[in-house]
Amino acid sequence: MARPVIFDLFHTLVHGADAERDRVVGEMALVVGVPPDALVAAYHATWRDRLVRWDVEETIRILAGRLGGTPSDEQVSRAAEHRRALARRVLGRVSPAVLDVLDALRASRRPLALISNATAETAEAWPGTPLAHRFDIAVFSSDVGLAKPDPAIYRHAAERLGVAPGDCVYVGDGADGELAGAAAVGMTVLRTTEHQDTDPGWDGPSFASLTALPALLSGSLPGRARPAPPPSYAG
């Protein structure tokens, strides 16, 4: 069997649209009656909880409450739908070139997986996107209560694929220490800079367009990743 490839999602397969996310959160603040700048700051400050603990409505209620708001259920529902609509838009913008690469990898019988540090609305939107049916498995932090670079989330994905972590190739831009996390469990790591040069200090193989990936995978990639210490992070 060809070596499985595990992809990151944002800034790897699709652009992360960070500025648009902040704009949408500011608009949500107006719906629930709290200052937009304060809600945007609260979203940034609680990224860990949002990745592994809170769903969309829970996030809105908790953060609005911390800012002195008392939104009604109807206001929370409206704000939550605004956030879900953003997730659908962002995932729907995957380029035809990326889909072609994924189709080529599948045609070569290479298993494909996704590991994404993503909040609940992204996981909810995933099944309706052009990406979903091209992947054998998708692991979202909000579903499993784990986030990169925790080694357990990489091992979980490999186990679901039925392979050892060292048999996998990991492809990502490098956010959240994901490259070191993948390397720490033995995966071969490839860094993409197509959407964002997130981890310029990474000294492993890199490429500037996903269209280069099939050729890289057909070349002489190492059997295991370069040695790396286990990642550590506060959380």
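**View 1. G16 and its neighbours.** In this predicted model, G16 touches F10, H11 and R21, leaving aside residues up to four places away in sequence; touching, or contact, means heavy atoms within 4.5 Å. You'll find G16 in the loop between β1 and α1 (18–32). Helices (H or I, at least four residues) and strands (E, at least two) are DSSP runs, numbered from the N terminus. Is G16 buried or exposed? At 1% relative accessibility, G16 counts as buried. Here buried means under 20% relative accessible area, exposed means over 50%, and partly exposed is in between (1.4 Å probe, protein chains only). Now look for H195: G16 and H195 are 179 residues apart along the chain, yet their C-alpha atoms are separated by 8.2 Å.

A quick note on reading these views: residues are numbered from 1 along each chain as its sequence is written. Since the model is predicted, local features need pLDDT of at least 70 and side-chain atom pairs count only at pLDDT 80 or more, while totals for chains, interfaces and linings use all residues, and side-chain values use heavy atoms, with hydrogens and water left out.

**View 2. Two domains side by side.** The protein is divided into domain 1 (5–15 + 94–218) and domain 2 (18–91), with bounds that come from an automatic or database domain assignment. Their C-alpha centres lie 26 Å apart. Where they meet, 23 residues of domain 1 are in contact with 15 residues of domain 2.

**View 3. The open sheet.** Six strands line up in the order β3-β2-β1-β4-β5-β6 to form an open sheet, and the pairing is parallel. The edge strands are β3 and β6 (206–207), each of which pairs on one side only. Helix α9 (residues 151–161) packs on this sheet, touching β1 (5–7), β2, β3 and β4 (169–172), and its direction makes about 160° with that of β3. For that angle, axes are lines fitted to C-alpha atoms, for helices over the stretch in contact, and angles run from 0 to 180 degrees between N-to-C directions.

**View 4. Strand β2 and its partners.** Zoom in on β2 (residues 112–116), which pairs with β3 (residues 137–140) in the parallel sense over four bridges. I115 stands opposite V139 in β3, and S116 stands opposite F140. On the β1 side, β1 and β2 pair in the parallel sense over three bridges, with L114 of β2 as the bridge partner of F7. Which side chains point which way? L112, L114 and S116 point one way, A113 and I115 the other, and all are buried. In a regular strand the side chains alternate between the two faces of the sheet. Five of the five residues of β2 are buried, so this strand is largely enclosed by the rest of the structure.

**View 5. From β2 over to β3.** Follow the chain from β2 through helix α7 (residues 120–125) to β3, and you've traced a right-handed β-α-β unit. Right-handed means that, with the strands pointing away from you, the path from the first strand over the helix to the second runs clockwise.

**View 6. The nonpolar cores.** The largest nonpolar core has 54 residues, and F7, L9, L13 and L131 have the most contacts inside it. A nonpolar core is a set of buried Ala, Val, Leu, Ile, Met, Phe, Trp, Tyr and Cys residues joined through side-chain atoms within 4.5 Å. Helix α5 (residues 73–92) gives the largest share of this core, seven residues. The core draws at least three residues from each of domain 1 and domain 2. Among the residues L13 touches are F7, L114, L131 and H195. A second, separate core of 20 residues includes I115, V139, I153 and Y154.

View 7. The peptide bond from K148 to P149 is cis, with omega near 15°, and P149 lies in the loop between α8 (141–144) and α9. Phi of R109 is near 65°, a positive value in a residue other than glycine. R109 lies in the loop between α6 (96–107) and β2, and R109 is exposed, with a relative accessible area of 71%.

Note on methods
Two strands pair if DSSP finds at least two bridges between them.
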